[in-house]
Amino acid sequence: MPAPEIKFYNSLTKSLEPFEPIAPPSVAMYNCGPTVYDYAHIGNFKSFLFADVLRRFLELAGYDVRQVMNLTDVGHMTDDAVADGGGQDKMAAAGERLAEAKKSGKLPQGVDLDPNDPYAIARFYGDAFIEDAKQLGIKVASEPDHLPRATDHVDNMQVIIKTLIEKGHAYVASDGAVYFSVQSFPSYGRLSGNTLDELRGGAGGRVSESNQAVKRHPADFLLWKPDESHLMKWDSPWGTGYPGWHIECSAMAKAVLKQDIIDIHTGGEDNIFPHHECEIAQSCGATGEDSFARFWMHGRHLMVEGQKMSKSKGNFYTVRQVIEGGFTGRAVDPAVLRLELIKAHYRSNMNFTAKGIEDSASAVKKVRVFAKEVAYDPAQASWHGVEHEALTEFIAALSDDLNTAKALGVMFAYLNEPAEDVVVSHAMLAAFDQVFAVINSAEAASAGGEADMVQNKIDAMNRARQDKDWATSDAVRAELEAEGYEVKQTKAGIVATKKLA
Ligand SMILES: [Zn+2]
């Protein structure tokens, strides 16, 4: 099957553009990851899942994707939206919360951390993020080398800051802090559509009002803040202190992907300004190149039951809350949550609802039942070399700016009238699951010990059956069923599927 032309919407040019990587088949992609001062919420995960689906689709299309997702573990300030170092240290705020949880015995079982140690806090929430991401089938979560932590890259940030000062893009102000000079970079504002004149007026509170007296332009942003009293601090030529928020991503992208220009950079729409605008200015300012990422792709916000998510409205959910039943009142299979968060097109404002979870649960069930009926084996099936209209349409939908909604429609239309040739069904399931990843919940849940537990029990059953020890085999099967699994003997061997909530 000839690969259709892939087109993505590029936020930089505000148009659909054909996608061609710089050095095919390699694709270098950077995704702004979580801050680790708290559990990431489902809105954050919509953005991380969008990046995962994008990667999986590019792999389906034959590309070799190097994906990097950072963990922001430097304690930044609560006024960081404008990144000028004002407000309270978010890590200190997290420490206060955790100290409270520790006092009232609400820390997760087996966790004993020192709420005064910022590194312990960052490790705790970083581990929680990785665990949640693995449960949701996010591939990069299993690649520690591709999950850089900002605190490991402070020296790389300092190298870029030095270069920026040498090239006249940054300066040390009279308060001792280092700022990027937006006037030194003529294309500042290209991504967000802001002009320096508009930004001079404060741009609706998105440009810091602090430190105006010492900056050359109100939109100049922080690269290094000397501050001996900060919880996390490092020595630097500009005094002991901490880096600005934006410089972290420029440094980690370059350090891990090892390219001055990368193919794709993603984030949520709220990252466009100031974060991504500043990343471009820093990276291009340092390298002298006219671009940092060829494609900038941004996911829209998630709404919850028609409302914008916010802590004050009480509609702020974490992945573990939803999985444990805190949203619908019933436990939710991680694969169902995954589907719910990826089934709408990434550039639409998806509305997260209990009804939607129910629909996603029956969709996952439908595809799993079909997979069982046709004895689908992910290790054996392939879509390569299979010609079928539905397969062509499925790939065409994803090639059209990653239209997951349309691709799902194609898949379910196929399930209603599957081809008689089982090879086609296997190919459809293989292509579908390479991107949507919901068939094998054990794979999606390979996070915790659960998948290992299931595999160990299946192995135990197989050993018992080889020895014709039916009593032991039945006993192990009963244990699996007690854990909520449906156990079946198929051509491919014993299969345990978690029953849907
Ligand atoms: Zn970033």
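Predicted model: local features only at pLDDT ≥ 70, side-chain atom pairs only at ≥ 80, totals over all residues.
Which residue stands opposite Met 69 in S4?

1. Strand pairing around S4. Asn 31 is the residue that stands opposite Met 69 in S4. The pairing between strand S3 (residues 26-31) and S4 is parallel and extends over 6 bridges. Of the 6 residues of S4, 5 are buried, so the strand is largely enclosed by the rest of the structure.

2. Thr 72 counts as buried because 23 other C-beta atoms lie within 10 Å, the threshold being 20 or more. Residues up to four places away in sequence aside, Thr 72 touches Gly 33, Pro 34, Thr 35, Val 36, Ala 150 and Glu 248. For one of these, Gly 33, the separation along the chain is 39 residues, while the C-alpha atoms of Thr 72 and Gly 33 are 7.1 Å apart.

3. Overall dimensions. The protein contains 16 helices and 15 strands. Its radius of gyration is 24 Å, close to the 23 Å that the globule rule gives for 501 residues, so the protein is as compact as a globular protein of that length. The C-alpha trace spans about 80 × 60 × 40 Å along its principal axes. Buried residues make up 47% of the 501 residues. Among contacts with a separation of 6 or more, 70% are between residues 24 or more positions apart.

4. Domain division. The assignment gives domain 1 (21-299), domain 2 (302-442) and domain 3 (448-498). A distance of 26 Å separates the C-alpha centres of domain 2 and domain 3.

5. Nonpolar cores. The largest nonpolar core comprises 134 residues, and those with the most contacts inside it are Leu 49, Ile 161, Phe 180, Leu 223, Phe 394, Met 428 and Ala 431. H1 supplies the largest share of this core, 10 residues. Domain 1 (21-299) and domain 2 (302-442) each contribute at least three residues to this core. Ala 431 is in contact with Leu 60, Trp 383, Leu 391, Phe 394 and Ile 395, its neighbours within four places in sequence being left aside. A second, separate core has 7 residues, including Ile 458, Val 476, Leu 480 and Tyr 485.

6. The three-stranded sheet. An open sheet of 3 strands runs in the order S12-S11-S13 and has mixed pairing. Strand S12 (307-308) and strand S13 (350-352) are at the edges with a single partner strand each, so one side of each has no neighbour in the sheet. Strand S11 (residues 302-304) pairs with S12 in the antiparallel sense over 2 bridges. Gln 307, in S12, is the bridge partner of Val 304.

7. Helix H9. In helix H9 (residues 334-342), 9 of the 9 residues are buried, so the helix is largely enclosed by the rest of the structure. The buried residues of H9 include Arg 338 and Glu 340, as well as Val 336, Leu 337, Leu 339, Leu 341 and Ile 342.

Note on methods
Residues numbered from 1 in each chain as written. Domains from an automatic or database assignment. Buried ≥ 20, exposed ≤ 12 C-beta atoms within 10 Å, placed from the backbone. Contact = placed C-beta atoms within 7 Å. Helix = DSSP H or I, 4+ residues; strand = E, 2+ residues; numbered from the N terminus. Pairing = 2+ DSSP bridges. Rg over C-alpha atoms; globule rule 2.2 N^0.38 Å. Core = buried A, V, L, I, M, F, W, Y, C linked by C-beta atoms within 7 Å.
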